[in-house]
Structure formats: structure tokens, C-alpha cells
Amino acid sequence: MSTPSASTADANPLVSPVNSHNEWDPLEEIIVGRLEGATIPSNHPVVACNIPPWTARLQGLAAGLRYPGMLIEPARRELDQFIALLRSLGITVTRPDAVDHRQRFGTPDWSSRGFCNTCPRDSMLVIGDEIIEAPMAWPCRYFEAHSYRGILKDYFRRGARWTAAPKPQLTDELFEADFRIPEAGEPMRHILTEFEPVFDAADFVRAGRDLFVTRSNVTNQMGIDWLRRHLGPGYRIHEIESRCRTPMHIDTTFLPLSPGKLLVNPEYIDVDRLPDVLSSWDILIAPEPDPIGERLLALTSLCGKWLNMNVLMIDGKRVIVERHHTSMLRALEKWGFEPIPCDLLHYAPFGGSFHCATLDIRRRGTLESYFD
């Protein structure tokens with residue numbers, strides 16, 4: 001078969017199926033994670049320090065085993081309803097391959113079993129027409145992006161840019177040997193050293209030419225610097241100071257909802273210490289999350305209580321919100337949004353809610369600057 005000439009390719013330029021610059025342009029295509037093959041994360045200090053204490057104890061005992069059906073089935077029902085809702089809104093939904101995450105893998109320095117591919121937001125970052133695979137700090141997530149490779153190759157063939165950050169070694173030098181979670185009032189510290197660049201994509205949120213990031217127990221300064229240099233002078237990355245003692249992922253701390261409107265966690269954010277570029281934005285203080293009555297869910301959640309903030313913007317007005325969190329539903333309505341209630345409460349043992357469970361691939365919009 002003959003290869004198209006350069007002139008033919010120029011006459012028929014590829015149009016990337018990937019195009020997403022912020023959290024609020026009208027959503028057209030999205031990746032939603034899977035529960036099949038989910039495995040309790042392998043025991044490692046970088047895992048234990050990032051999840052609630054009771055969950056960490058259970059996780060240490062059951063590490064490497066499959067998640068039980070009593071956790072999988074309610075989460076699967078809710079996930080199926082969420083996907084049906086997205087499709088009813090005219091959004092194309094793409095899914096990763098089902099993977100047996102219990103398979104053991106390793107490098108010359110360590111071995112681990114996997115975790116799951118429930119949260120594509122963690123392992124991949126979309127900047128315009130580019131998808132960037134993140135250099136993740138949890139050893140059990142080392143090959144997680146491989147379950148998306150079929151999707152990534154398809155997007156690349158159709159015109160998207162596809163980048164993978166340097167694969168980390170994840171040797172002992174990356175982790176503080178005597179790390180202890182800081183108590184309230186103590187100086188902030190993190191388990192990660194600056195041995196090599198690592199970051200989870202979910203520690204970043206996008207607002208056109210400006211990105212916001214929290215340094216955390218899965219994202220170090222080298223990781224932030226790598227992305228800053230990779231994106232170049234056309235983008236600015238602003239660091240958000242978090243008061244969370246166990247920081248991991250920005251989307252239960254700080255989330256831009258539309259131009260000029262920012263949702264913040266009052267427990268983790270001091271609004272007087274936000275970057276100056278946000279001075280003209282309306283700061284929306286998240287209401288206290290509604291209590292979760294299910295004891296099993298409280299014991300097995302990998303997340304803190306602020307999942308009521310983990311919402312997904314369909315466009316600048318419509319937003320999908322967990323049905324249980326009625327205080328957040330009412331607050332968003334008061335702020336001029338159109339909340340769409342949906343169930344995903346039982347996804348918490350697998351790492352999150354609507355924002356975590358998805359990766360927006362295409363939003364109808366262009367690259368803009370929303371700040372002076």
C-alpha cells in the first residue's frame with residue numbers, strides 16, 4: 001500500500017479529537033473509568049499516608065486482594081447510571097480496557113500488584129490537543145495508563161498530540177524514610193523527596209492559559225517544574241497552598257467552575273493566601289458535606305469527606321453533583337448554576353467521584369486567558 005505524500009497530508013490535515021482547555025466549556029467527549037479487575041492497592045508508605053487512617057489499616061491487611069463484590073456492585077450500578085446520564089446529554093463516552101490489576105509487575109528495584117483504572121483524571125492530563133501521561137508516585141499505578149493505550153493510539157492517529165512524562169524509578173530515594181503526617185500547627189511536610197519528577201494529573205486544574213496545582217504526597221516540586229517547562233511560556237502554573245495534612249489531588253480543595261467563579265474548600269484553603277491572579281474572581285465557599293450514614297462506606301473510602309466538591313461541569317451552567325450532597329446542590333443553584341443530581345457515592349472506595357472518575361477529552365471552545 002502506498003503512503004500518502006506530504007502534499008496529500010497537507011491538503012487533508014488531521015483534526016484532533018482531543019480539545020479541552022478548561023473545566024467548563026461545553027463537554028462533547030469524555031473517558032469514564034472502569035471497576036472491572038479492581039484490586040486493593042499494594043502496601044506502601046506513599047499509599048498509607050494518603051488515605052484515611054481506618055482505611056489505611058484495612059488496606060494494609062487486604063493489600064493485593066480483589067475488591068469484594070459488596071463494594072463493587074453498588075458502585076457499578078451507580079457508574080452505569082452516570083454513563084447513561086452523560087450519553088443522554090449528547091456526550092460521547094469512551095472506556096478503557098478491562099484489566100486484571102491483580103497481576104504482579106515490577107522493575108529491577110521493586111515489584112507490586114496493580115490498583116484499578118477507575119479514575120482516568122489521575123493518570124492523564126489534557127492540555128488543549130495534547131494528552132500527557134503522568135509519572136505517578138504510587139508503585140501500584142505504574143502501568144495504569146496502559147489500559148488506555150488503545151484509546152490514546154486512536155486519538156493519536158486522528159491528530160492528537162500524545163506525550164508521556166519521564167517514567168519514574170520509584171526507588172527508596174524518592175520517599176522520606178521517617179515520614180510522619182504533620183500534626184495541626186506543625187510545618188507542612190510531604191513524603192516525597194526531590195529525587196525525580198513525579199505528579200498525579202489530578203493535582204492540576206485548568207483555566208485556559210493558567211493552571212493551578214497543589215504540591216502533595218503524590219506531586220513534588222520537580223514534577224511541577226517538569227510540566228511548567230514542558231508547556232513553555234504560553235502557560236502559567238500557579239501553586240495553591242493547602243492546609244490539608246495529607247494532600248492528594250486538587251479537586252476536593254480548589255475547583256474553577258466557570259470564568260470568574262471558583263469553588264474552594266474552607267478547611268484546606270485560606271482565601272487570603274490565594275494567588276493574586278484570582279483577586280477579581282468570586283470565591284464560592286463549599287458547604288459542609290452532608291454526613292455519610294453507611295459505616296462500611298466510611299471505613300473503605302479512599303477519600304476524605306470533601307467529595308461533595310468533586311463535581312463535573314457539563315458547560316458553564318450545568319453541573320453534575322452527587323445526589324446525597326443536598327447542601328452542595330442548593331449552594332450551586334444559589335450561585336447561578338443548574339445542578340444535575342446523580343448517584344456515585346459508592347465510588348469512594350475506588351478513589352473519588354464525578355471529576356475523578358472522568359477525563360474530559362473534548363470541550364467546545366478555544367484557548368483563552370481568563371486573567372489579566
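Modeller: Here it is; keep in mind that this is a predicted model. Of the 372 residues of the protein, 57% count as buried.

Colleague: How many helices and strands are in the protein?

Modeller: The protein has 9 helices and 17 strands. Its radius of gyration is 20 Å, close to the 21 Å that the globule rule gives for 372 residues, so the protein is as compact as a globular protein of that length.

Colleague: What does the C-alpha trace span along its principal axes?

Modeller: About 60 × 55 × 40 Å. The accessible surface comes to about 15,900 Å², and 52% of that belongs to carbon and sulfur atoms.

Colleague: And the charges: how many positive and negative side chains are there?

Modeller: There are 40 positive and 49 negative side chains, and the centres of the two sets lie 4 Å apart.

Colleague: Among contacts between residues at least 6 apart in sequence, what percentage join residues at least 24 apart?

Modeller: That share is 73%.

Colleague: Which strands does strand 9 pair with?

Modeller: Strand 8, residues 204–207, pairs with strand 9 in the antiparallel sense over 4 bridges. Strand 10, residues 236–239, runs parallel to strand 9 and is joined to it by 4 bridges.

Colleague: Which residues stand opposite each other there?

Modeller: Phenylalanine 204 is opposite valine 213 in strand 9. Aspartate 210 is opposite arginine 236 in strand 10.

Colleague: What about the turn in the hairpin of strand 8 and strand 9; how many residues are between the strands?

Modeller: There are 2 residues between them, and glycine 208 in that hairpin takes a positive phi near 70 degrees.

Colleague: Where else is there a hairpin with 2 residues between the strands?

Modeller: Strand 5 and strand 6 form one, and there glycine 128 takes a positive phi near 65 degrees. These two strands run antiparallel and are joined by 4 bridges, with strand 6 at residues 130–133. Isoleucine 127 stands opposite glutamate 130 in strand 6.

Colleague: Which way do the side chains of strand 5 point?

Modeller: In strand 5, residues 124–127, Met124 and Val126 point one way and Leu125 and Ile127 the other way. All four named residues are buried.

Colleague: Changing topic. Where is histidine 355, and is it buried or exposed?

Modeller: Histidine 355 is in the loop between strand 16 (338–342) and strand 17 (358–363). With a relative accessible area of 3%, histidine 355 falls under the 20% cut-off, so it counts as buried.

Colleague: What does histidine 355 touch?

Modeller: Not counting residues up to four places away in sequence, histidine 355 touches Glu23, Arg121, Asp251, Leu255, Asn310 and Val311.

Colleague: Last one: where is asparagine 117?

Modeller: Asparagine 117 is in the loop between strand 4 (111–112) and helix 5 (120–123). Its relative accessible area is 0%, and it is buried.

Colleague: Which residues are in contact with asparagine 117?

Modeller: Leaving aside neighbours within four places in sequence, they are Gly33, Arg34, Pro96, Asp97, Val99, His101, Glu144, Ser147 and Tyr148.

Colleague: And what separates the C-alpha atoms of asparagine 117 and aspartate 251?

Modeller: They are separated by 18 Å, with the two residues 134 apart along the chain.

How values were computed
Residues are numbered from 1 along each chain as its sequence is written. This is a predicted model: local features need pLDDT of at least 70, side-chain atom pairs count only at pLDDT 80 or more; totals for chains, interfaces and linings use all residues. Side-chain values use heavy atoms; hydrogens and water are left out. The radius of gyration is taken over C-alpha atoms; the globule rule is 2.2 Å times the number of residues to the power 0.38. Buried means under 20% relative accessible area, exposed over 50%, partly exposed in between (1.4 Å probe, protein chains only). Contact means heavy atoms within 4.5 Å. Accessible areas come from the Shrake-Rupley method with a 1.4 Å probe; for residues, only the protein chains shown count as cover. Lys and Arg count as positive and Asp and Glu as negative; His and the chain ends are not counted. The place of a charge is taken as NZ of Lys, CZ of Arg, CG of Asp or CD of Glu. Two strands pair if DSSP finds at least two bridges between them.
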